[in-house]
Amino acid sequence: MTAVFEPAELLTAALSALFLAVPLAVVVAAGVLAVPRRMVSAPGLGIGIGLLAGVVLAAVSIVAGPLGLLRTGVSLASVLGLLCVMAAAVLIVVRREPARPEAVLGTVGCALVGLGEPGQALPVLFGLSSSVLVVVTALVMEAVVIAALGGALAGLGGRIRAVRWGVAVAALVAGVLMLWGLLAAGLERLLSTTVPAVPMLPMIIVVGAALVAGTVAAVVLEARSAPRGPAPVERNEPGSTPPTPPG
């Protein structure tokens, strides 16, 4: 590790951080949408504190070296956070309005995802650059993108119900793919062999497709379930001849 700041390495690390942030932003948006509007600040505060603590822990691991206990802790936080948000996403689809269980799952899930993600991104970023300044800058950029993009998706989903369903479906897909990635990384360390995981770019494409498909499906379902209005009643205008009864 060095303290040399290379602009080319920063650009590469920043793009990788962006790719890492997009699926997490969808997951965070689902966690926010799982909370009733009067409590919407809770998951936002949770993801903010979680990301801040996660970046601090990542910096500690850079200085102190790869601590086994710390790595296990952030991996466990990521797994539990994804499971919580996925459960909340299922409830978003099933229930019409969020309630207390969704609020708890969404808030806790956002906090745990934010806590675990910087530690998960650290090996990827160090594979692109040996500069501590570059890696820490990329981590901060990833945290900002997660918070900004997740907030934007949550705001759109809060106004448009179909987008809310689409975010929930995309969060479920992203959660499954990222859980498999965490499992593959754990198996690689345990078995000392290569376990294939879904690359980031295909994951983003699949999650984006799930977002669009879930939104379109929600629009179709809402259109079919919408009550039809009463048939129009014919009225006679003043001075017009009333209709002749049949027969």
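**Notes on the fold and its cores**

1. Among contacts (heavy atoms within 4.5 Å) in the protein with a separation of 6 or more, 83% join residues 24 or more positions apart.

2. A word on the basis: this is a predicted model, in which local features need pLDDT of at least 70 and side-chain atom pairs count only at pLDDT 80 or more, while totals for chains, interfaces and linings use all residues. Numbering starts from 1 along each chain as its sequence is written, and side-chain values use heavy atoms, with hydrogens and water left out.

3. The protein has seven helices and zero strands, taken as DSSP runs (H or I, at least four residues, for helices; E, at least two, for strands) and numbered from the N terminus.

4. Of the 247 residues, 38% count as buried, meaning under 20% relative accessible area with a 1.4 Å probe, protein chains only. The accessible surface, from the Shrake-Rupley method with a 1.4 Å probe, is about 13,400 Å², and carbon and sulfur atoms hold 72% of that.

5. Now the nonpolar cores, which are sets of buried Ala, Val, Leu, Ile, Met, Phe, Trp, Tyr and Cys residues joined through side-chain atoms within 4.5 Å. The largest has 37 residues, and Val27, Leu82 and Met178 touch the most other members. Helix 6 (161-191) is among the helices that each supply at least two residues; helix 6 gives the most, with 10 residues.

6. Do look at Val27: beyond its neighbours within four places in sequence, its contacts are Leu82, Val85, Val113, Ala171, Ala174 and Met178. A second, separate core has 13 residues, including Ala58, Leu125, Val134 and Leu139.

Technical notes: Buried < 20%, exposed > 50% of the residue type's maximum accessible area, 1.4 Å probe, protein only.
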